[in-house]
Amino acid sequence: MPMNPTQIQLIQPDDWHLHIRDGAVMKDVLADTVRQFARAIIMPNLKPPVTTVDLANTYRARILAQLKLLDVDSFTPLMTLYLTNNTSVDEVRKAKLAGIAAFKLYPAGATTNSDAGVSDLKHCHAALEAMQAVGMPLLVHGEVTNSQVDIFDREAVFIDQVLEPLRKTFPELKIVFEHITTLQAAHYVRDATTAGKNTIAATITPQHLLMNRNAIFNGGIRPHHYCLPVLKREEHRLALLEVATSGNPRFFLGTDSAPHAKGAKEAACGCAGCYSAFNAMGLYAEAFESVGKLDRLEGFASFFGPDFYTLPRNSKKITLVKQAQNIPHELPLGSETIVPLRAGETIAWSLG
Ligand code: DOR
Ligand code: ZN
């Protein structure tokens, strides 16, 4: 690859962590994702959450119906189930047979629609054992929920209190540490020893590669930069950028694009979530280019995810061009609007 390329071609990427919600808004957010990605891991934190294979199948049918309205037949939603204190061994086995891609662990109270999440992993022992046995990945929202723990420390504390014990008990369970935000998480995943097959990986969002916590308070409170886990200090952003661009297959793309209507973000108690789907690949290209590592983008975006999930890599190619794209102030979201990441600004790369 030349030193400063003005366009790059890569195998079509997938988004290994995505929220598309349900009902009227789903079509609008799906339209942004399908322009760029061939597949996406669909998060199950609906209200009520997607806790069973039957619920996931009906959710998938609603997604496919919206894709049909968009005239898209080239996109595959990869369904997940929401782990609860009551998830049964039977449901895990059924999920495996039904082609469910993973279970998602939300510690109860950690984030948007997590009330039904797990209060203590000891309730999930049998389900986790079954997941380990059938090769079902566990995706974790890695934050402790104890209000005594400072919000900026919740991910690092989760590693010691939850993740490390979990991996000791279930050494063959495949785990994805989702949307990591700290140096501690980046180094934990990088340095984890696994016996035989790799069992640990992490997804990284564009906002955590591009911004630090100053972005939440830049000249005033910036609700559109608030997500969970919350942005951290610059040293953490640099550690994430380092591992994401290192070529280490344990790190791959997951936008965590999480749509909330403008009014729900710009409120006295604004919701957590950044809407990055509009030009997510442009944002990632900016991040990789900032450290001269555009040549590593394809592995991160298109290869390491499917390899971890043991799915085939995509074959189609996409082109990204170094052409600044103006990002609208607002986009339609059902009967409301949404403010995308970088609203009113530009993103240096766009889809060719
Ligand atoms: O910022 C976030 N938004 N973090 C999450 O974990 C959930 C997500 C959402 O669903 O809105
Ligand atoms: Zn998420």
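1. Thirteen residues, written 13 in the count, surround ligand 1. The closest are Arg21, Asn45, Thr111, Leu228 and His260. A residue is near the ligand if one of its heavy atoms lies within 4 Å of it.

2. This is a predicted model: local features need pLDDT of at least 70, side-chain atom pairs pLDDT 80 or more, while totals for chains, interfaces and linings use all residues. Residues are numbered from 1 along each chain, chains are lettered from A and ligands numbered from 1 as written, and side-chain values use heavy atoms, without hydrogens or water.

3. Now the polar contacts (pairs of N or O atoms within 3.5 Å). A polar side-chain atom of Arg21 lies 2.8 Å from an oxygen atom of ligand 1. For His19, a polar side-chain atom is 3.3 Å from a ligand 1 oxygen. Gly273 uses a backbone N or O atom, also at 3.3 Å from an oxygen of ligand 1.

4. Taken alone, ligand 1 exposes 290 Å², and the protein buries 100% of that. These areas come from the Shrake-Rupley method with a 1.4 Å probe.

5. The zinc ion (ligand 2) is coordinated by His17 (NE2), His19 (NE2) and Asp256 (OD), at 2.0 to 2.1 Å. Donors are N, O and S atoms within 2.8 Å of the metal (3.2 Å for Na, K and Ca). Water is not among the atoms, so the site may look incomplete. Along the chain, the spacing is H-x1-H-x236-D.

Methods
Polar contact = N/O pair within 3.5 Å; in protein donor to acceptor, adjacent residues only side chain to side chain.
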